[in-house]
Amino acid sequence: MVYDSSVAIAIRDFSNQYYYVNEQLKWLCIGLVALFITSRIPYKIWYSMALPMLCITLALLVAVFLPGIGIRALGAHRWINFGFFVLQPAELTKLAMVVYLSAWFSHPEKKRLLSFVMLLAMTVGLVLLEPDLGTSVIILVIAVLLYFFSGAPLRHFLAMVPILLIVIIVLTVVAPYRMHRLTTFFNPESDPLGSSYQIRQVLLGLGSGGWMGVGIGKSRQKYEYLPEANTDSIFAIIGEEVGYIGALGVIITFLFIVWRGFRIANRSPDVFARLLALGLSSWVSVQTLINLGAMVRLIPLTGVPLPFISYGGSSLIILFIAMGIVLNISTYRK
């Protein structure tokens, strides 16, 4: 699907229809090696690495703004160029936060709402400055889920809800493009060639697929009609080419992965392992829900890739590392 969705823009930008799929195959091989290695590293090692991982990640989030280190593209500072590899620190932040919070919350006496909110504000704030609202929401939701998976009282959740609503409203109001995107979400006819153009093309792609799809490789939307066809909007190409049945198969596969992750968490030998498996599985489920929700216009578009499927090296490799950790936890199950 990465090849099918990227063939037109690969010819346009690189005169090579295989450019994006070749790159993705390279990251896939690296990711599989990372999966193999992390599946054999005892999960308890991640406990001692939790704080260093978080500190390194926060430093990388700052480094994206440094001239000569960070890469600015499409008005955003989201990448660091290491020469042989371009890293998106926000993707690494998801893993680092899950590991750190799992280690922290595995000790009930160490849970402090104020400290938790301050950590979230600092981490999410750096990601928002890039700006990357979609990743910020994912980190925020995963962190809150982990907080309550660890047995936090309901009153803490009730205290967070108004705070989160205020933050979301402020973030929407202060950024005109977010406000415009939100208003066009409620009224997509207001700007058909502007803010609502992408979602209209997404729905055209999904609707064109029908039950069985137009056929593999026969998508029309990939010919530069649909923006971000090989990344954020790849599910629309899947729906167009393999139809409702194929798209449903993708959703069922994600459900199976998440179910297995939660089952491993339920059988894990200690609190740290349980929270770690829950957090990593929740990450896949939350990111999938946000991407698919945006594709069917249940929520506004946020620029979140579809796990394991969208084009992108940082996301793919780090997700494989996360699944390797879950696989290792499964070997210690009760």
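Glutamate 23 is buried, with a relative accessible area of 18%, where buried denotes under 20% relative accessible area, exposed over 50% and partly exposed the range in between (1.4 Å probe, protein chains only). The model is predicted, so that local features need pLDDT of at least 70 and side-chain atom pairs count only at pLDDT 80 or more, whereas totals for chains, interfaces and linings use all residues. Residues are numbered from 1 along each chain as its sequence is written, and side-chain values use heavy atoms, with hydrogens and water left out.

Glutamate 23 forms a salt bridge with lysine 26, with 3.4 Å between the closest N and O atoms; a salt bridge requires a side-chain nitrogen of Lys or Arg within 4 Å of a carboxyl oxygen of Asp or Glu. Both residues belong to helix H2 (residues 19-38) and are three residues apart, about one turn of the helix. Lysine 26 is partly exposed, at 38% relative accessibility. Helices (H or I, at least four residues) and strands (E, at least two) are DSSP runs numbered from the N terminus.

In total, the structure holds five salt bridges. Lysine 94 and glutamate 91 are joined by one at 3.1 Å, N to O. These two residues are separated by about one helical turn because they lie three residues apart in helix H4 (residues 89-105). Lysine 94 is buried, with a relative accessible area of 2%, and glutamate 91 is buried with a value of 2%. A salt bridge at 2.7 Å, N to O, links aspartate 13 and arginine 12. Aspartate 13 is partly exposed at 40% relative accessibility, and arginine 12 is partly exposed at 48%. Arg12, Asp13 and Glu224 are connected in a network of salt bridges.

The protein chain comprises twelve helices and three strands, and 49% of its 334 residues are buried. Of the contacts (heavy atoms within 4.5 Å) between residues at least 6 apart in sequence, 68% join residues at least 24 apart. Glutamine 201, in helix H9 (residues 197-209), is buried, with a relative accessible area of 11%. Apart from neighbours within four places in sequence, glutamine 201 is in contact with Gln221, Tyr225 and Leu226.

Leucine 255 is located in helix H10 and is exposed, with a relative accessible area of 56%. Arginine 267 lies in the loop between helix H10 (234-266) and helix H11 (271-295) and is partly exposed, at 32% relative accessibility.
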